[in-house]
Amino acid sequence: EEVWPEERQTMHLFRNRGASGNWLAVRLREEGGGRSPWGAKVTLRAGGQTRSRWFVTGDGYRSQSPPVAHFGLGRAEQVEWVEVTWPGGTTRRLEQPAINQVHLVRAGRPGAPSR
């Protein structure tokens, strides 16, 4: 049994080889002014369903999650839209984003037009 913190730490990385189906991921990036992705909400509409992910800190034991929201789409071949609501109210909307890839969304300045 390991005691944390200690010099000798281990990490396990598992590859999911059984997953199938389409997917879409959204990576958030701040753009100066201290606009952090933590607290942002990403909402996706595809296959007649709307799903959301929140960006939070401290959600893992001895780890931190990256600012990426991953959505499994199953057999859906199209996403109607993805909307990112940043803390403070700035909103970005992507219409019909391509599937099976990661989309980078920047915060921009409050009042800036959506992309």
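Does arginine 93 count as buried, partly exposed or exposed, and what is the relative accessibility behind that label? At 28% relative accessibility, arginine 93 counts as partly exposed, where buried means under 20% relative accessible area, exposed over 50%, and partly exposed in between (1.4 Å probe, protein chains only). Keep in mind that this is a predicted model, so local features need pLDDT of at least 70 and side-chain atom pairs count only at pLDDT 80 or more, while totals for chains, interfaces and linings use all residues. Residues are numbered from 1 along each chain as its sequence is written, and side-chain values use heavy atoms, with hydrogens and water left out.

**The β4-β1-β7 sheet**

- Here 3 strands make an open sheet with mixed pairing, ordered β4-β1-β7; strands are DSSP runs (E, at least two residues), numbered from the N terminus, and two of them pair if DSSP finds at least two bridges between them.
- β4 (68-74) and β7 (102-106) sit at the edges with a single partner strand each, so one side of each has no neighbour in the sheet.
- From one strand to the next, the twist averages 20 degrees, with axes being lines fitted to C-alpha atoms and angles running from 0 to 180 degrees between N-to-C directions.
- Strand β1 (residues 22-29) runs parallel to β7 in a pairing of 5 bridges.
- Leucine 28 has valine 105 in β7 as its bridge partner.

**The β3-β2-β5-β6 sheet**

- Another open sheet takes 4 strands in the order β3-β2-β5-β6, and its pairing is antiparallel.
- Its edge strands, β3 (49-54) and β6, each pair on one side only.
- The twist in this sheet averages 15 degrees from one strand to the next.
- β2 and β3 are joined by 6 bridges in the antiparallel sense, and threonine 50 in β3 is the bridge partner of arginine 45.

**The nonpolar core**

- The largest nonpolar core holds 18 residues, and Val26, Leu28, Val42 and Leu44 touch the most other members.
- β1, β2 (41-46), β4 and β5 (79-85) each put at least two residues into this core.
- A nonpolar core here is a set of buried Ala, Val, Leu, Ile, Met, Phe, Trp, Tyr and Cys residues joined through side-chain atoms within 4.5 Å.
- Setting aside neighbours within four places in sequence, leucine 28 is in contact (heavy atoms within 4.5 Å) with Pro37, Ala40, Val42, Phe55, Pro67, Val84, Trp86 and Val105.
- As background, nonpolar side chains in soluble globular proteins tend to be buried together.

**Salt bridges**

- The whole structure has 3 salt bridges, each being a side-chain nitrogen of Lys or Arg within 4 Å of a carboxyl oxygen of Asp or Glu.
- Arginine 45 and glutamate 80 meet through their side chains at 3.9 Å, N to O; arginine 45 is in strand β2 and glutamate 80 in strand β5, so this pair ties together parts 35 residues apart in sequence.
- Both ends of that pair are partly exposed: arginine 45 has a relative accessible area of 25% and glutamate 80 has 36%.
- Glutamate 83 and arginine 93 form a salt bridge at 3.1 Å, N to O; with glutamate 83 in strand β5 and arginine 93 in strand β6 (residues 91-95), the pair ties together parts 10 residues apart in sequence.
- Glutamate 83 is partly exposed at 23% relative accessible area.
- Arginine 93 also meets glutamate 95 in a salt bridge (2.8 Å, N to O), and glutamate 95 is exposed, with a relative accessible area of 53%.
- Through shared partners, Glu83, Arg93 and Glu95 join into one salt-bridge network.
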